[in-house]
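Subject: Structure for your review

Dear colleague,

Please find below the structure that I am handing over to you. I would be grateful if you kept it open while reading the notes that follow it.

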Amino acid sequence: MSETKGLTRQQMADRMALEFQDGWIVNLGVGIPTMCSNTDTGDRDFTYHSENGVIGYGGVASPQEEDLLLVNAGGQNVTLKPGASVVHHADSFAIIRGGHIDVTVMGAYQVSMTGDFANWKLKGQKGGGIGGAMDLAACAKRVFIILEHVTRAGGPRLVTACDLPVTARGVVKLISTNYGLFEPTGDGFLLREIAPGLTVDEIRATTGGKLTVADGLKPVQLSR
Amino acid sequence: MGQKSKQFDSFREAVADVKDGSTIGFGGFAMPGVPFNLIKALMEQGAKRLTLVGNTTGGAQQPRMPDMGMLVENGQVAKVICAFTAATRPTDVLPFTKYYESGEVDAELVPQGTLAERMRSAGAGIPAFYTPTAVGTELAEGRETRVINGREYLLEYALKLDYAFIRARKADTFGNLRFHRAQRNFCPVMATAATCTIVEVDEPILPAGAIDPDDVHTPGIFVHRLVQVPPEPEGLWPAKRQERRR
């Protein structure tokens, strides 16, 4: 089912994680964003916040470490790092709403050239799955999105305007896809780094709006 | 209030007076904090036309434990107020979806932080509040917004509960509670918003004073009924989630 061209899902996450700065409070959404912490070797100073109130969680628990009452936002049994704490839901979202999260990384169906994104409701669906996405999108200091570059039918996911119901407007700062690293520019997208095996023309043909290319375009950086 | 009277011998007795049309909050996020035993007792009790409040109607994970969706399937529910009426992954289908799509059960979809804050407000005597969450989305269409210091906010109203059903690790006879790890989630907030909070407790109920006042997560003033969860198979306990194929 996965798009095979360009980067793997783990590489898309690895590239995004390179943007995190020491000292940041990081909130990772369900799916590919969770993989941003897979390669956390512990030599960097990030604190992972989960919407259910777990602050400072570490890797997925081994069967020996497992506590069935300790889960992250994706429901995975995780471990705690030294200095971890637990708060209730209203305090967890006070942390989010109060602007104390440095970056939230989420998956999406679509991102627009003006920084809108859609990730909670499909076309023709009644209701949807919002979870904490709207709170995080409206209130985190930075919203980064990881998604496959094209739909299964080959259509663009980086679009001029979202035709799915949006989660928030004008908030997306950075996008990691299997084709490269992008920023919304208002009238299109800036290609900052390109994935191996892709050409600029190929990306232009599958991206909405005007594609600008960074001066001295480099391949996607995957490690520091 | 009589402290002894907070202890109930069975889940059946603890939920016996729940009336048709009640609004009930259910703690829990994934497995931790979900009051499996109280849900099961309410299914047997049979109250109808209920409004359920919680994170999700459930049913996407295996093994399936008692969840709000089971009350829906049992024909007891008029409406749910939650952050998910569909699963996070589009390929998963929640059992609730067909009841919602057919119009048999109504739903109000609320962002998770707004849901928590609406109950916190109810418990704190705040009738409404402004939040930036959901501004510019279809959830805000036709609703009151206000620009404060140059930013647009959406008006949200407090959400009161008739009952809160929650789960805790420890309780004393006064109803003071401690939670373990991610078991806490919505539970303390729902306790403040409810007229009657019923707690299923993992460990034997302690004498008042056995929990140090500094270590209490939810004070007993918000707690009305306590039932200790018996060992399996009589009592229901969190199970390990089965990992799914991608």
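The domain assignment divides chain B into two parts: domain 1 covers 21-109 + 160-228, and domain 2 covers 114-159. Please note that this is a predicted model.

**The two domains of chain B**

The C-alpha centres of domain 1 of chain B and domain 2 of chain B are 23 Å apart. Where they meet, 10 residues of domain 1 of chain B are in contact with nine residues of domain 2 of chain B. Which element gives the most to the side of domain 1 of chain B that touches domain 2 of chain B? It is helix α6 (residues 187-193) of chain B, which gives four residues. Sorted by class, that side of domain 1 of chain B has seven nonpolar residues, two polar residues and one charged residue.

**Strand β1 and its partners**

Strand β1 (residues 23-26) of chain B runs parallel to strand β2 (residues 50-53) of chain B, and three bridges join them. Within this pairing, B:Ile24 has B:Leu52 in β2(B) as its bridge partner. Between β1(B) and β2(B), the chain passes through helix α2 (residues 36-45) of chain B, and this β-α-β crossover is right-handed.

β1(B) also pairs with strand β8 (residues 161-168) of chain B, in the parallel sense and over three bridges. Here, B:Ile24 stands opposite B:Tyr163 in β8(B).

Yours sincerely,
A colleague

Notes: Residues numbered from 1 in each chain as written. Chains lettered and ligands numbered in written order. Predicted model: local features only at pLDDT ≥ 70, side-chain atom pairs only at ≥ 80, totals over all residues. Domains from an automatic or database assignment. Contact = placed C-beta atoms within 7 Å. Helix = DSSP H or I, 4+ residues; strand = E, 2+ residues; numbered from the N terminus. Nonpolar A, V, L, I, M, F, W, Y, C, P; charged D, E, K, R; others polar. Pairing = 2+ DSSP bridges. Right-handed = clockwise from strand over helix to strand, strands pointing away.
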